[in-house]
Amino acid sequence: MSGSATASAAAADPAAALRQALKRSERREQLKAAALVLPLFLFLLACFVAPIGAMLARGITDSDVARILPRVTAELGRWDGRDLPPEATYAALIADIRAARDAGTLASAATRLNYDVAGYRSLMFATGRSLTGELAAPARATLIGIDPKWGERETWMSLRRAGGPVTDFYLLAALDLRHDAANEIVGAAAEQAVFRNVLGRTLWISGMVMLLCLLLGYPVAFYIARQPPARASLLLFLVLLPFWTSLLVRTVAWVVLLQREGILNNLLLSLGLVTEPIRMIFNRFAVYVAMVHVLLPFMVLPLYAVMKGIPPSYVRAASSLGARPATAFRRVYLPQTLPGVGAGCLMVFIQALGYYITPALVGGADDQMISYFIAFYASKTVNWGMAAALSIMLLAATLALYAVYNRLVGVEKMRLG
Amino acid sequence: MMRSPSLRTGLLAAAALLLSAGAAARDLTVVSWGGAYQDAQREVYFKPFMAAGTKMAEESWDGGVGTLRAKIQGGNNNWDVVQVESDELLLGCEEGLFEKLDWAKLGGKDKYLADAVNDCGVGAIVYSFVLAYDGDKIKTDPPKSWADFFNLQKYPGKRALRKGPKTTLEIALLADGVAPQDVYKTLATPAGVDRAFAKLDQIKGSVVWWEKGAQPPQLLASGEVVMTDAYNGRIAAANDKDKKNFKIVWNNNLYTIDSWVIMKGTPNKADAEKYLVFVNDPQNQKNLPPKIPYGVTAKAATPLIDKNVLPNLATAPQNMAGALYINDKFWLENLDKLNQRFNAWVAK
């Protein structure tokens with residue numbers, strides 16, 4: 001028995017026994033610590049990391065066609081891509097389409113193929129309908145007889161590209177790129193290109209919102225930081241108040257305020273400042289106003305926390321050494337607030353990147369950010385591959401910016417309070 | 001441990017009994033779109049049908065071919081007759097989710113509007129995308145066509161259109177002078193698509209895009225836009241409930257049809273067919289439009305409809321003339337590419 005063996009060893013060497021006991025108790029402490037973190041860790045793993053990972057994986061995997069049309073996928077894996085595939089590949093496609101039609105699974109494969117080439121969907125279904133009974137001719141002649149598209153190399157190239165298991169189709173599409181007939185990567189046709197433009201716009205709007213928040217939030221935080229505690233906490237309460245109102249309510253309130261026959265326009269009209277209503281909604285102006293309003297507290301709070309910690313004596317010392325107020329502010333006060341500026345900007349910018357509801361409700365068609373398109377593909381057209389690829393773009397942009405920030409400012413210098 | 005055979009057999013027998021009892025006990029289940037529409041159907045179809053001697057239950061759904069796919073592929077389908085939109089009809093029929101209809105039992109295909117006849121479905125209601133404006137705001141020389149919708153000089157101000165290529169591209173071509181019967185032929189060519197977008201370019205800066213059917217009447221009421229495209233039922237409802245004076249231009253309206261289908265493999269097929277015969281009787285169909293302004297599909301029903309109601313329906317002869325049937329087959333093929341192009345265009 002191991003127990004008695006340990007006991008005899010302990011009798012032989014008391015120092016080793018002590019070491020072991022120590023190790024045991026350390027291990028127990030570690031286990032306790034792990035047990036405290038474990039529930040949250042498991043929760044995050046099960047409810048956050050795993051589903052998001054699975055969702056993002058859809059942007060780079062392509063399993064539908066290989067699963068539903070396995071024989072032809074295997075055959076095309078051996079095809080050199082020159083001329084047309086051999087007779088065996090045609091025969092494999094016929095067997096696959098028949099099986100898929102009878103199993104009722106042809107739709108998912110056809111939907112995926114139609115993403116790449118418009119018309120592939122009905123090609124698949126028309127072929128499925130025509131393949132009844134014994135074949136009267138060899139497989140290739142039969143298929144080309146059903147639709148001449150089966151005699152075009154591009155039809156087969158597209159089928160091969162959809163064979164998975166991994167694909168760059170969605171990621172390329174999210175960057176306005178595609179494979180051409182020669183399988184080279186080329187830019188999408190000008191009238192089909194949208195996502196680079198949208199990604200640029202997303203970054204631009206987020207940057208503008210961040211700047212506006214900084215310009216509006218800095219003086220407010222500066223003012224609050226210099227008030228006596230009672231008034232400061234009242235003012236902070238006012239800053240926080242919007243946090244306790246739903247985002248949707250705040251956004252819709254802006255619609256009511258800014259619309260054509262809304263409160264603001266009626267006021268301007270009745271004061272005689274304008275002769276006809278100004279257009280203030282469904283444009284970029286409304287997006288900036290509503291997003292700055294929602295995100296401003298995320299700028300004010302870190303700024304206030306940092307400013308509160310700056311002893312007033314520093315600026316007084318600068319003044320007593322002859323610095324004018326502007327110089328003292330610029331050279332002594334401002335540099336000390338930079339960690340708060342960095343934290344506020346990063347929080348506002350990264351949150352703004354993912355904004356969806358606010359631009360959707362108050363913006364126009366050319367003010368929609370990348371999240372709008374993610375939602376469009378996820379829920380409207382149910383093209384999850386495209387939604388995932390755009391999400392990967394958004395995540396990559398966020399991480400890249402974080403890395404740039406870390407390089408320039410240093411995350412360890414960031415202070416939230 | 002093995003359960004004693006007698007217990008196991010007993011349990012199985014009980015389960016089988018329950019299952020078969022459940023299947024046999026299920027009444028004909030009819031599924032529609034809920035709300036005011038299903039309220040009207042209940043009065044006009046469900047109650048009289050039950051009074052005529054067949055038990056039935058009703059349910060509501062929100063559409064989506066995925067729901068029907070799950071019912072059939074999951075193997076425990078509990079729906080018999082479902083009202084579907086035209087794209088669900090097309091997809092579901094292609095995928096074998098519905099029974100093929102026996103048209104002889106339904107009185108032959110000639111009894112119905114041509115677009116209401118499908119292998120798997122028979123049309124239930126006809127409704128339209130129309131041009132609408134506020135009659136209190138445009139009093140003199142009102143718009144009469146989609147060409148007027150694109151005329152910014154004559155009718156200055158914003159207009160609203162449904163966000164997305166479907167219906168929008170058709171409207172652009174109609175406004176550009178393409179005859180209804182040539183719209184999809186034109187749209188099937190790259191030059192035709194370019195032509196539609198070029199037409200839309202003319203008003204791009206003046207368009208407010210809507211996404212939910214409730215928005216167009218709101219946009220008209222708030223004065224945000226001078227004209228909009230809209231579902232005719234929504235405009236009629238706004239006039240009816242909110243006492244608005246919205247006007248509809250029926251010229252070149254775009255119409256679509258919701259259909260009844262029978263779910264594949266239903267045990268209540270005979271009752272389902274009996275139900276379809278009942279709701280397609282012109283004497284029964286004529287009672288629906290007075291309750292809700294949707295057209296019905298039996299040719300003989302339209303002349304029987306109340307003369308005050310008829311002009312509000314997509315199926316009124318004067319409204320049908322020059323109307324365009326929205327071609328779901330075209331959109332099923334081309335929606336991916338045209339969505340992308342539309343998104344690219346609208347975002348520029």
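Reader: Which residues of α17(A) meet which residues of α20(A)?
Author: From α17(A) there are A:Leu346, A:Phe349, A:Ile350 and A:Leu353, and they meet A:Leu394, A:Ala397, A:Thr398, A:Leu401 and A:Tyr405 of α20(A). Contact requires C-beta atoms, placed from the backbone, within 7 Å. Helices (H or I, at least four residues) and strands (E, at least two) are DSSP runs, numbered from the N terminus.

Reader: How many of those residues are nonpolar, polar or charged, by class?
Author: The contact of α17(A) with α20(A) has eight nonpolar residues, one polar residue and no charged residues. Ala, Val, Leu, Ile, Met, Phe, Trp, Tyr, Cys and Pro count as nonpolar, Asp, Glu, Lys and Arg as charged, and the others, Gly among them, as polar.

Reader: What should I know about the model and its labels?
Author: This is a predicted model, in which local features need pLDDT of at least 70 and side-chain atom pairs count only at pLDDT 80 or more, while totals for chains, interfaces and linings use all residues. Residues are numbered from 1 along each chain as its sequence is written, and chains are lettered from A and ligands numbered from 1 in the order in which they are written.

Reader: At what angle do the axes of α17 and α20 of chain A cross?
Author: The axes of α17 (residues 325–353) and α20 (residues 384–408) of chain A cross at roughly 165° and come within 10 Å. Axes are lines fitted to C-alpha atoms, for helices over the stretch in contact, and angles run from 0 to 180 degrees between N-to-C directions. The two helices are therefore roughly antiparallel, a term for angles over 145 degrees.

Reader: Moving to the other chain, how many helices and strands does chain B have?
Author: Chain B has 14 helices and nine strands. Its C-alpha atoms fill a box of roughly 85 × 50 × 40 Å along the principal axes.

Reader: Why is α4 of chain B largely enclosed?
Author: Eight of the nine residues of α4(B) (residues 86–94) are buried, so the rest of the structure largely encloses this helix. Among the buried ones are B:Leu89, B:Leu90, B:Leu91 and B:Cys93.

Reader: What do the buried residues pack against?
Author: In chain B, the buried residues of α4(B) pack against α3 (65–74), β3 (81–84), β4 (121–134), β8 (246–262) and α14 (328–346), together with α7 of chain A. Just after α4(B), B:Gly96 takes a positive phi of about 75°.

Reader: How many residues does each chain give to the contact?
Author: Chain A gives 23 residues and chain B gives 23 residues. On the side of chain A that touches chain B, α6 (106–116), α7 (120–130) and α11 (195–225) each give two or more residues. That side of chain A divides into nine nonpolar, nine polar and five charged residues.

Reader: Is B:Lys243 buried or exposed?
Author: B:Lys243 counts as exposed, because 7 C-beta neighbours lie inside 10 Å. This residue is in the loop between α10 (232–241) and β8 of chain B, and its phi is near 55°, a positive value.

Reader: And B:Asn252, buried or exposed?
Author: B:Asn252 is buried, with 23 other C-beta atoms within 10 Å. The residue lies in strand β8 of chain B, and its phi is near 55°.

Reader: Finally, where is A:Pro165?
Author: A:Pro165 lies in the loop between α9 (153–161) and α10 (169–174) of chain A. A cis peptide bond, with omega about 0°, joins A:Gly164 and A:Pro165.

Methods
Parallel < 35°, antiparallel > 145°, perpendicular 65-115°, else oblique. Contact = placed C-beta atoms within 7 Å. Buried ≥ 20, exposed ≤ 12 C-beta atoms within 10 Å, placed from the backbone.
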